[in-house]
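Here are my notes for you to read beside the model.

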Amino acid sequence: MQYARISTVLVVLTVVLAGCSGGGLTDGGDSGANSADTPGTDASATDGATVGTATAGGPPTGESLSLTDADTRLREAGSFATEWSYTVTEADGETSSLTQRYRVDLEENRSLQRFQTTGPDSSLDVDTFVADGTSYTRYGDGDQVQYVSSDQPASVFETATGRASGFTADLESDASFVGTETYDGVTVSRYEYDNTAAWQDYGGSLFGSEDVSVTEFTVTVLVDRDGIARLTMWTLSGEADDGTAVSADRRYSVTDIGSTAVADPDWLADAQAQQA
């Protein structure tokens with residue numbers, strides 16, 4: 001199954017990129033927020049940065065990438081949203097993806113999650129809502145919906161930040177300042193790092209073929225004035241021995257810090273009625 005292959009890839013990448021984690025306490029498991037319940041925000045990075053000149057809201061020009069532990073900042077803010085995604089296109093042309101979206105309101109002790117996978121062989125949708133000491137989970141869609149309720153997990157905070165990207169000390173020291181831009185409504189400093197050679201040996205295992213070579217690997221980090229990595233992503237591309245293109249993309253973002261509200265999902269009444 002394609003999903004199993006993605007899981008294997010994630011294990012490999014966790015080992016390769018193991019290091020200091022920006023805000024990650026535990027692996028959060030398979031959960032994410034429902035995008036239909038997520039207010040729209042302009043969280044796309046914009047060009048137009050002044051390369052070589054940092055503005056207020058970002059580190060000075062030439063300063064090495066240095067990420068703070070985001071836990072304290074997020075706890076103080078009281079609410080935030082995270083999104084983690086992984087997409088891979090294999091040598092056979094098939095594309096699969098896995099996405100977690102998570103909205104958290106620590107002050108109200110509420111969270112809304114969505115975990116979603118898509119691929120040629122199967123797909124999966126799981127929504128989890130936590131409030132008032134109870135966790136409600138919805139599996140499936142349409143006529144195939146099932147609900148499960150249980151006591152609230154020990155920490156929604158740790159689960160929501162558990163997919164934070166890890167970086168080695170070398171990566172932080174080697175990443176280069178590119179400029180400043182706007183992301184999620186705030187000024188951020190952009191850092192990039194390219195190291196294709198380090199990935200040549202991993203091309204085969206990443207894409208399930210020994211005949212795949214990695215031709216490009218780039219890490220991008222957008223850091224706000226508090227040193228929080230608002231967006232961390234890497235993109236990897238390569239080709240099979242017959243020239244067929246393959247690619248992978250991994251992203252982790254933190255948005256809506258201090259302004260995230262978690263409303264009851266429209267399926268909550270059904271879940272409560274089924275568990276009554």
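1. Let me start with a term: a salt bridge here is a side-chain nitrogen of Lys or Arg within 4 Å of a carboxyl oxygen of Asp or Glu. Aspartate 249 counts as buried at 16% relative accessibility, while arginine 251, at 34%, counts as partly exposed. Please keep in mind that this is a predicted model.

2. The protein chain has 276 residues, and 46% of them count as buried. Its secondary structure comes to 6 helices and 13 strands. Among contacts with a separation of 6 or more, 64% are between residues 24 or more positions apart. The accessible surface is about 12,700 Å², and carbon and sulfur atoms hold 44% of that.

3. Which residues have the most contacts inside the largest nonpolar core? They are Leu65, Leu74, Phe80, Val221, Trp234 and Ile257, in a core of 33 residues. Two or more residues come from each of several elements, including helix H2 (70-77), helix H3 (156-160), strand S2 (79-89) and strand S12 (229-240). Strand S11 gives the most to this core, with 5 residues. As background, nonpolar side chains in soluble globular proteins tend to be buried together.

4. Isoleucine 257 deserves a look of its own. Leaving aside residues up to four places away in sequence, isoleucine 257 touches Arg73, Leu74, Ala77, Ser79, Phe80, Ile228 and Arg230. There is also a second, separate core of 9 residues, with Leu112, Ala131, Tyr136 and Ala271 among them.

5. Back to charged pairs: the salt bridges number 11. One of them joins aspartate 184 to arginine 230, with the closest N and O atoms 3.0 Å apart. This pair links distant parts of the chain, as aspartate 184 sits in the loop between strand S9 (176-183) and S10, and arginine 230 in strand S12, 46 residues apart. Are these two partners buried or exposed? Aspartate 184 is buried, because its relative accessible area is 13%, and arginine 230 is buried too, at 6%; the cut-off for buried is under 20%.

6. Another salt bridge is formed by arginine 190 and glutamate 192, whose closest N and O atoms are 2.8 Å apart. Arginine 190 counts as buried at 15% relative accessibility, whereas glutamate 192 is partly exposed at 25%.

7. Next, the aromatic side chains. The whole structure holds 4 aromatic pairs. Tyrosine 147 and tryptophan 267 make a stacked pair, because their ring centres are 6.1 Å apart and their planes lie at 25°; the limit for stacked is under 30 degrees. Tyrosine 147 belongs to strand S7 (residues 146-151) and tryptophan 267 to the loop between S13 and helix H6 (268-275), so the pair ties together parts 120 residues apart in sequence. Tyrosine 147 counts as buried at 12% relative accessibility, as does tryptophan 267 at 2%.

8. How are the rings of phenylalanine 177 and tyrosine 191 arranged? This aromatic pair is edge-to-face, with 5.7 Å centre to centre and 65° between the planes. Phenylalanine 177 is in strand S9 and tyrosine 191 in strand S10, 14 residues apart. Phenylalanine 177 is buried, with a relative accessible area of 16%, and tyrosine 191 is buried at 1%. Separately, Tyr86, Phe217 and Trp234 form one aromatic cluster, and Trp234 is also among the residues with the most contacts inside the largest nonpolar core.

9. Finally, a loop residue. Aspartate 92 lies in the loop between S2 and S3 and counts as exposed, at 51% relative accessibility. A polar atom of the aspartate 92 side chain is 3.0 Å from the backbone nitrogen of glutamate 94. The C-alpha atoms of aspartate 92 and alanine 240 are separated by 9.5 Å, although the two residues are 148 residues apart along the chain.

Key: Residues are numbered from 1 along each chain as its sequence is written. This is a predicted model: local features need pLDDT of at least 70, side-chain atom pairs count only at pLDDT 80 or more; totals for chains, interfaces and linings use all residues. Side-chain values use heavy atoms; hydrogens and water are left out. A nonpolar core is a set of buried Ala, Val, Leu, Ile, Met, Phe, Trp, Tyr and Cys residues joined through side-chain atoms within 4.5 Å. Buried means under 20% relative accessible area, exposed over 50%, partly exposed in between (1.4 Å probe, protein chains only). Helices (H or I, at least four residues) and strands (E, at least two) are DSSP runs, numbered from the N terminus. Contact means heavy atoms within 4.5 Å. A polar contact is a pair of N or O atoms within 3.5 Å; within protein, one must be able to donate a hydrogen and the other to accept it, and residues adjacent in sequence count only if both atoms are side-chain atoms. Rings of Phe, Tyr and Trp (its six-membered ring) pair if their centres lie within 6.5 Å; planes under 30 degrees apart count as stacked, over 60 as edge-to-face and the rest as tilted. Accessible areas come from the Shrake-Rupley method with a 1.4 Å probe; for residues, only the protein chains shown count as cover.
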